[in-house]
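Please go through the model below and work out how its chains are organised and held together.

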Amino acid sequence: MFDKEFILEIFTTIRKNKLRTFLTGFSVAWGIFMLIILLGSGKGLENGIKENFKGEAKNTIRVFGGLTSIAFEGQPNDRHIEFNNYDKKIITENIPNIDLLYARYDIELDIPVHYKSEYATLAVSGIDPSTKEIEKIKLLEGRYINDWDIEHSQKVAVIGKDAKKMLFRAKSPIGEIIYVNKVPFKIIGVFSDDYAPENKKIYMPLATAQKIFLGGNKISSIAMTLENITPDESKTIENSIKSKLAKRHNFSEKDERAVLIINSIEEFAKSQKLFRAINIFLWLIAIGTIIAGIVGISNIMLIVVKERTKEIGVRKAIGATPASIVKLILLEAVIITIIAGLIGLLAGSTVLEIANGFMEASNTAQAAASEFDENMTIFKNPSVDTMIALNALIVLILSGLLAGFIPAKRAAQIRPIAALREE
Amino acid sequence: MLRLEDLHKYYHMGSHDLHVLKGIDLEITEGEFVSIMGSSGSGKSTMLNIVGLLDDYDSGAYYLDNKLIKKMNEKEAAIYRNNTLGFVFQSFNLISSKDALENVALPLFYRGMGRKNRNDKAMEYLELVGLADRAHHLPKELSGGQQQRVALARALVSDPKIVLADEPTGALDTNTSYEIMELISSINEKGKTIVVVTHEDDISKMTKKIIRLKDGLVDDIIIN
C-alpha cells in the first residue's frame, strides 16, 4: 500500500499546491493541537488534585471520638466517646493489614510557651513517631521524636516552623530549652506540614503530653495506613474498627456520629471517577474539533478530485485501475493529515511544556511568599504522556482515512469519457 | 486486429432512448492507418469510446485482438487498455504537475514497472518524437505541437496494439498539424496500427483509409 512510487507521486502534488495543502492541514493541526492542550490540561488537573491528596494514594484511615446520637443499652445519647491507650492497643492487635499507626493527644487549649524573653500561646500535641510518615511531615532541622523518647517519656519537643519563627526568629532552636506551661522541654527538631495550622504547634511524645497535661491515658485520634488493599477491603476494615469500638464503648454500630472515621480511599475513588468524567468530556470536545478538521480535509479533497477530474480520467484511460485512484486520493489525505497532525502535536506539547515551566516558577514563588505554606495547587505538571500521543496518532490516521474516503470513492467513480469530454 | 459486428449503442436521455450507433460493421487489420470521419452527431466519438474500452455497447460484438470485449469491469478494462491501447487526445491531456518524461512514463508506472526501467523506456520514446532535450520540461513550458508529441510518446511507450487518436490536430495550427500527422504516419510506417478520428478533410487524406460515418452507420469507405 505505502510504496515509494505513490508517496513520491503524492508529494509532487502536495508540493505543487502548497497553499491549498497548508489550508487543508491547518484545520487538522488545530484539532490535534486542541486535543493535546485539552488532554494535557486534564492531566494537569489530575496531577494537581493528586498532589493535594499527596501520599493518600496509600490508604489512610483516621478515627476520632464523637458524640453518640442513638441511645443504646440503657445509655443515653449525646455521650462523649473518648479514646485512650487501650483503644490504640485494641486496634493495633485486631486490625489486619496495618502498615503504620499512630495515636495523638491534642490539647484543646492554647498553652503559654516561653523562650527567654519571648512568649507565645501555642497548641500542643502528644504524638507517636509514625505521625511523620503518615502525615508526610517534613523535618527542616534536627531530628523527629523517636520510640525511645516515647518509652522514656522524654521532655523533648519538635516545633512547627511558624512556632519556631515566633520564638526564635532566624536563630536555630536545636538544643535550646523552652518552657511549655512552665515545664522545661529541649527542642530537638523543626518541622513543616502541608496543613498549615500544624506549623504553629509543638509536638512532644504522647506519654509526656498525657502526663504533663493531666490527660491520664487519653487519646484524641488514631490514624493508620493500610497496605495493598482494595476499596472494598478498606471498607470492611473500616467497619470492623467501628464494630470493635462500638463494643468497647457501648454504642450502636448504626450510630453515625459516635465515632468519626475518615477513609481516604473513598475520597480517592471519588476523585478518580471525577477525573475519568473530565477526561471523557475533554475527549468529546477534542474529537468534535477533529471532526471539524476531517470535514475540512474531506471538503477540500472533494474539490481536488473535481479539479483533477480530467487528470484522473487520463490516468484511467492510460491504465490506472479504480483501486490505484482510490489509493492516490486516500494516501494524499492520510499524508496531509499525519504531517499536519504531527505539527499540531508538537505545537501542543511545546505550549504545555512552556506553561509547565511558568507554573512551576510561580508555584515556587508563591510558596516562598506565602505565610502559610498552603501550597494548594489545582494545576500541576500538565503533560502529554506517550499514551495520549499514541492515541492522538491513531486518531490522526483514522481521520485521514475517513477524510479521504468519500473523495476517493468519488474519484474512483469518474468515467474517463466524461472526464475527457471537451468543455 | 479490431472488428465491429452490427454494433448498437443507445444513450438513455430521460424518457426516450437516443440511438447513436445503429449497427456498425467494421474491420481494421494490423498495420492499417485509418481515419474516421463524420459530422458531429454521426457517432464517431461514441464509436471511439467503445473501441477504446471507455464505454460499453448495447448489442452486437466487438473483437479486439481476437478477444470479444463485453461487459468488462473497470479493473479489467483498465488493465486491457494499458496493455493494448494507446490514446492521443485533442487537448493533449498531459498531467500538468509532471514533466515530459514522467508523463510518458506514466502508463508504465501503472503497469508496475520500476522507476529506472520506465524512465529509460520513456526517454527512448521521447527521442522517437524528437523531444529528448525537453524531457524535464513541464507541459506548460512546451508548445502545443510539442505537448502533442509528448502525448504521442505516452501513447506509444506501452507498445500498444492500436493507437487511438481523437482529433489529434484539433487544437493545433495547420503547419503543426501536418508535422504531427507526418510523425504519426512515420510511426505507422514502422507497423503500428493507428486510428485517427477527425473532421478535417486534409488530415484524413494523410491516412491510408477513410471511414465515413453518417447517422450512426458506416456511410462510405475510401482507400487513399
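The questions and answers that follow cover domains, cores, the chain contact and salt bridges.

Q: How far apart are the centres of domain 1 of chain A and domain 2 of chain A?
A: This is a predicted model. Chain A is divided into domain 1, covering 4-54 + 268-420, and domain 2, covering 104-215. Taken over C-alpha atoms, the separation of the centres of domain 1 of chain A and domain 2 of chain A is 56 Å.

Q: Which element gives the most residues to the largest nonpolar core?
A: The largest nonpolar core has 45 residues, and those with the most contacts inside it are A:Ile32, A:Leu35, A:Ile36, A:Ile297, A:Ile312 and A:Ile329. At least two residues each come from helices H1 (4-16), H2 (18-53), H9 (264-307), H11 (322-369) and H12 (386-412) of chain A, and from helix H3 (100-111) of chain B. With 11 residues, the element that gives the most to this core is H11(A).

Q: What area is buried between chain B and chain A?
A: The contact takes 24 residues from chain B and 24 residues from chain A. The size of an interface is often given as the accessible area lost when the parts come together. Carbon and sulfur atoms give 59% of the area buried between chain B and chain A, which is about 2300 Å².

Q: Which residues form the salt bridge between chain A and chain B?
A: Between chain B and chain A there are 5 residue pairs in polar contact, both residues being at pLDDT 80 or more. The count of salt bridges between chain B and chain A is 1. Its side chains meet at 3.2 Å, N to O, and belong to A:Lys316 and B:Glu74.

Q: Which element of chain B gives the most residues to the side that touches chain A?
A: Helix H2 (74-84), H3 and helix H4 (115-128) of chain B are the elements that give two or more residues to the side of chain B that touches chain A. With 6 residues, the element that gives the most to that side is H2(B).

Q: How many residues apart in sequence are the parts tied together by A:Glu118 and A:Arg169?
A: A:Glu118 and A:Arg169 form a salt bridge, with the closest N and O atoms 3.4 Å apart. A:Glu118 is partly exposed at a relative accessible area of 22%, whereas A:Arg169 counts as exposed at 54%. A:Glu118 lies in strand E5 (residues 118-127) of chain A and A:Arg169 in the loop between helix H6 (161-168) and strand E8 (177-180) of chain A, so the separation of the parts that the pair ties together is 51 residues.

Q: Are A:Arg315 and A:Glu311 buried or exposed?
A: A:Arg315 forms a salt bridge with A:Glu311, the closest N and O atoms being 2.8 Å apart. The two residues lie in helix H10 (residues 309-317) of chain A, 4 residues apart, about one turn of the helix. Both A:Arg315 and A:Glu311 are under the 20% cut-off for relative accessible area, and so count as buried.

Q: What is the relative accessibility of B:Arg134?
A: The side chains of B:Asp133 and B:Arg134 meet in a salt bridge at 3.9 Å, N to O. B:Asp133 is exposed, with a relative accessible area of 56%. B:Arg134 counts as partly exposed, with a relative accessibility of 27%.

Conventions
Residues numbered from 1 in each chain as written. Chains lettered and ligands numbered in written order. Predicted model: local features only at pLDDT ≥ 70, side-chain atom pairs only at ≥ 80, totals over all residues. Heavy atoms only, no water. Domains from an automatic or database assignment. Core = buried A, V, L, I, M, F, W, Y, C linked by side-chain atoms within 4.5 Å. Buried < 20%, exposed > 50% of the residue type's maximum accessible area, 1.4 Å probe, protein only. Contact = heavy atoms within 4.5 Å. Buried area = accessible area lost by both parts, 1.4 Å probe. Salt bridge = Lys/Arg side-chain N within 4 Å of Asp/Glu carboxyl O. Polar contact = N/O pair within 3.5 Å; in protein donor to acceptor, adjacent residues only side chain to side chain.
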